[in-house]
Amino acid sequence: MKRTRTAPGWIVSIAGALATAPAWSVSLSTTNPPQPLPLPQPDASATVAPLALETWAPGSASLVPLMAVDLPARRATGAESPATDTSGVVGKPVDDIGFVRQATESGRKELEAARDAQPRLKDPRLRELAGMLARDHGAANDRLSKLAESKGWPLPAPHAPAPVSAAGSSADFDARFTAAMIAGHEKSLALYRAQARNGDDRDLRRFASETLPTIEHHLAELRSLQK
């Protein structure tokens with residue numbers, strides 16, 4: 001006769017508990033799978049702080065717009081871009097050097113033309129005006145030369161100006177001289193006005209501003225004697 005083996009009591013207790021467990025405790029994971037938590041919606045009114053440069057991963061495509069935004073701030077300024085000119089003066093803008101050259105050349109021409117024409121002019125008022133032109137332009141030329149030398153700016157080499165032709169009558173010479181001086185002073189007036197408004201060097205702007213009234217007076221006197 002065979003003996004039947006009986007399972008231990010603790011196994012029978014676990015099996016019974018599982019058999020009597022509610023159905024929902026067994027099928028919860030299959031009937032209701034876990035749902036992802038809702039992500040917070042961004043607030044349109046909130047300002048998003050830019051990420052620091054160190055947070056960008058190397059090679060990230062998001063780094064490109066960051067660099068593009070930074071480009072305008074890296075634009076070269078005048079101090080970073082060395083000024084160049086034909087005179088060889090380092091750091092001096094071309095416009096001031098050009099003014100010194102043009103003003104010196106025109107001042108010399110008007111001075112020499114007035115000196116050359118004065119003894120040949122028929123109208124005594126015009127002879128007196130020629131003397132004033134020579135004195136005033138000589139003083140302005142000396143002042144400009146000293147200013148340029150103090151700053152190390154080059155001056156154009158002197159050259160002999162073309163004298164006013166003496167052909168024809170004395171009246172014709174007076175008219176040609178007056179017309180030539182008016183044309184020269186009109187150009188000088190425009191040159192000095194531009195420098196007084198837009199010149200880079202403060203001392204040169206002051207020189208142009210203080211010389212302008214003299215040029216304007218010369219031009220008014222010349223026009224009053226033009227025939």
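1. Helices α6 and α7 are roughly antiparallel to each other (angle over 145 degrees). In this predicted model, local features need pLDDT of at least 70, side-chain atom pairs count only at pLDDT 80 or more, and totals for chains, interfaces and linings use all residues. Residues are numbered from 1 along each chain, and side-chain values use heavy atoms, without hydrogens or water.

2. The α6 and α7 axes come within 9 Å and cross at roughly 155°. Axes are lines fitted to C-alpha atoms over the stretch in contact, with angles from 0 to 180 degrees between N-to-C directions. The crossing is left-handed (near helix turned anticlockwise from the far one by less than a right angle). Its contact residues divide into 12 nonpolar, seven polar and five charged.

3. Helix α5 (residues 124-151) packs on α7 (residues 202-225) at about 170°, with axes 11 Å apart. That makes α5 roughly antiparallel to α7. The crossing of α5 and α7 is left-handed. Contact (heavy atoms within 4.5 Å) involves residues including Leu129, Asp136 and Arg143 of α5 and Phe207, Glu210 and His217 of α7. By class, the contact has 11 nonpolar, five polar and eight charged residues.

4. The largest nonpolar core has 35 residues. Its members are buried (under 20% relative accessible area, 1.4 Å probe) and joined through side-chain atoms within 4.5 Å. Phe99, Phe177, Tyr192 and Leu204 touch the most other members. α4, α5, α6 and α7 each supply at least two residues. The largest share, nine residues, comes from α5.

5. What is Tyr192 in contact with, leaving aside its neighbours within four places in sequence? The partners are Phe99, Ala103, Phe207, Ala208, Thr211, Leu212 and Ile215.

Definitions and conventions: Helices (H or I, at least four residues) and strands (E, at least two) are DSSP runs, numbered from the N terminus. Angles under 35 degrees count as roughly parallel, over 145 as roughly antiparallel, 65 to 115 as roughly perpendicular and the rest as oblique. Ala, Val, Leu, Ile, Met, Phe, Trp, Tyr, Cys and Pro count as nonpolar, Asp, Glu, Lys and Arg as charged, and the others, Gly among them, as polar. Buried means under 20% relative accessible area, exposed over 50%, partly exposed in between (1.4 Å probe, protein chains only).
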